[in-house]
Amino acid sequence: MRTLSTPSPALICPQNTHGFQNGRGSSTSSSSVTGETVAMVHSPPPTRLTHPLIRLASRQQKEQANIDRLPDHSMIQIFSFLPTNQLCRCARVCRRWYNLAWDPRLWRTIRLTGETINVDRALKVLTRRLCQDTPNVCLMLETVIVSGCRRLTDRGLYTIAQCCPELRRLEVSGCYNISNEAVFDVVSLCPNLEHLDVSGCSKVTCISLTREASIKLSPLHGKQISIRYLDMTDCFVLEDEGLHTIAAHCTQLTHLYLRRCVRITDEGLRYLMIYCTSIKELSVSDCRFVSDFGMREIAKLESRLRYLSIAHCGRITDVGIRYVAKYCSKLRYLNARGCEGLTDHGVEYLAKNCTKLKSLDIGKCPLVSDTGLEFLALNCFNLKRLSLKSCESITGQGLQIVAANCFDLQMLNVQDCDVSVDALRFVKRHCKRCIIEHTNPAFF
């Protein structure tokens, strides 16, 4: 790779594409793999062309391009909607676009997508360019999103950790080649990191500081990480001990998603509630070992808990629902789909204690009937979303009671439920903004 005085990477350039040419020559590709997406470094476009005929054609094209009449602030606003790879392409158009494309306001975020892109190399080139004014440190970059980039490795995360101390948000979902060590480096060297998404990163089993970072911290600071939002969905190797370490280091957590972390048990939730007492949103969907005892631990969050997903946790029954309903009175969202132990008694207790409930999913709960819906209708007047998919005991009578009391209902899912067309029409007549998802071919 040949670096010129003022480099600008074009991150989406297949190998068979010709290099960008100007008066001083052309740039060279940094890879020899066929079909690979590479990072290309080139000089800024020239300010003027020397040949008279070329200069005349350029002047005519310029007069026809209405976009060139826009002021700089409007162009920057347009550029702000482009992903990183397209922004780098814009930097190759002309001198003015080059200068606008590298405006610092556009580089608070790097967003790269695609399975073929060489993310490690792209991040290296980008951070090198962004560190021109402040050598080795990129103070403007706050967000890095490289979700779905399967070629991202620990080397790419090391680049981010070393060059971006002001990083606040990192999303690497679906990047299954990264390991614990790289994540530890990022959270240790980026003290302002608040949002971390490592969903689908199957090698990540823990979030912690490196040993070197722990030694350097003062006793007053402790071993705390400033992360508030953590998504570890599909990190199926995560176990209770790893969750214990996460809880001990990330005590400021407010949003935690552990969907399909199938090795988590009630013991892991007990560790979590000891340290993380500020959690507002929690998902343990498809964690099949979580039971009513885990719900008792979750209930310790009390009025702070607003969002809870326990979908397909087959060991949870009315007992666990009673624990949460009794202490978490400000709950707004509950997803209990597939909790087959839930009955009308659990729905009754939930409706009477969590009256501000706005969204409820009790699909695939065969023991919930019209009686449970009646309790919901008479207590949860603010209900906006209700899913009853595959509830075998639900009939049109229960739906009519809900529609007659919950006027703000916006979404109703009654797929695979035995409800009549008249009942669906009654719902549509009383809840005019409601979108009904159904499987009754006679209703349209």
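In the predicted model, the structure contains 5 aromatic pairs. One of these joins Trp-102 and Trp-107, whose ring centres lie 4.6 Å apart with the planes at 10°, so the pair is stacked. Both Trp-102 and Trp-107 are buried. A second pair, formed by Tyr-257 and Tyr-307, has its ring centres 6.2 Å apart and its planes at 80°, and is therefore edge-to-face. Because Tyr-257 belongs to strand 10 and Tyr-307 to strand 12, this pair ties together parts that are 50 residues apart in sequence. Tyr-257 counts as buried, with a relative accessibility of 6%, and Tyr-307 likewise counts as buried, at 16%. Tyr-257 and Tyr-307 are also members of a cluster, linked by ring pairs, that includes Tyr-229 and Tyr-333.

Aromatic rings also take part in arrangements with charged side chains. Arg-129 lies over the face of Trp-102, at 4.3 Å from the ring centre; the ring of Trp-102 is thus involved both in this arrangement and in the stacked pair with Trp-107. In another part of the chain, the charged end of Arg-322 is placed over the ring of Tyr-349, 4.1 Å from its centre.

Helix 12 spans residues 318-327, and its buried residues include Asp-318, Gly-320, Ile-321, Val-324 and Ala-325. These residues lie on the same side of helix 12, because the arc that they cover around the axis is only 160°. In an α-helix there are 3.6 residues a turn, so residues three or four places apart point the same way. The elements that cover the buried residues of helix 12 include helix 11 (292-298) and helix 13 (344-353), together with strand 12 (307-309) and strand 13 (333-335).

Oppositely charged side chains form 10 salt bridges in the structure. In one of them, Asp-72 and Arg-96 meet at an N to O distance of 2.8 Å. Asp-72 is partly exposed at 41% relative accessibility, and Arg-96 is partly exposed at 25%. Another salt bridge connects Glu-171 with Arg-169, the closest N and O atoms being 2.4 Å apart. Here the acidic residue, Glu-171, counts as buried at 11% relative accessibility, whereas Arg-169 counts as partly exposed at 32%. Lys-300 and Glu-297 form a further salt bridge, with 2.9 Å between the closest N and O atoms. Glu-297 counts as buried, with 8% relative accessibility, while Lys-300 is partly exposed, with a relative accessible area of 48%.

Several loop residues were also examined. Ser-226 is located in the loop between helix 8 (211-216) and strand 9 (229-231). Its relative accessibility is 17%; because buried means under 20%, Ser-226 counts as buried. The side chain of Ser-226 reaches the backbone oxygen of Leu-193 at 2.8 Å. Apart from neighbours within four places in sequence, the contacts of Ser-226 are Pro-191, Asn-192, Leu-193, Glu-194 and Gln-252.

Lys-389 occupies the loop between strand 15 (385-387) and helix 15 (396-405) and is partly exposed, with a relative accessible area of 23%. The C-alpha atoms of Lys-389 and His-438 are separated by 8.6 Å, although the two residues are 49 residues apart along the chain. With neighbours within four places in sequence left aside, Lys-389 is in contact with Arg-337, Gly-363, Lys-364, Asn-413, Gln-415, Asp-416 and Cys-417.

Asp-416, one of the contacts of Lys-389, has a positive phi of about 60° although it is not a glycine. Most residues other than glycine have a negative phi. Asp-416 lies in the loop between strand 16 (411-413) and helix 16 (421-430), where it is partly exposed, with a relative accessible area of 48%. Arg-260 likewise has a positive phi, near 60°. This residue is found in the loop between strand 10 (255-257) and helix 10 (266-275), and Arg-260 counts as partly exposed at 36% relative accessibility.

Notes: Residues are numbered from 1 along each chain as its sequence is written. This is a predicted model: local features need pLDDT of at least 70, side-chain atom pairs count only at pLDDT 80 or more; totals for chains, interfaces and linings use all residues. Side-chain values use heavy atoms; hydrogens and water are left out. Helices (H or I, at least four residues) and strands (E, at least two) are DSSP runs, numbered from the N terminus. Buried means under 20% relative accessible area, exposed over 50%, partly exposed in between (1.4 Å probe, protein chains only). A polar contact is a pair of N or O atoms within 3.5 Å; within protein, one must be able to donate a hydrogen and the other to accept it, and residues adjacent in sequence count only if both atoms are side-chain atoms. Contact means heavy atoms within 4.5 Å. The arc is that of the directions from the helix axis to the C-beta atoms. Rings of Phe, Tyr and Trp (its six-membered ring) pair if their centres lie within 6.5 Å; planes under 30 degrees apart count as stacked, over 60 as edge-to-face and the rest as tilted. A charge sits over a ring if NZ of Lys or CZ of Arg is within 6 Å of the ring centre and within 35 degrees of the ring normal. A salt bridge is a side-chain nitrogen of Lys or Arg within 4 Å of a carboxyl oxygen of Asp or Glu.
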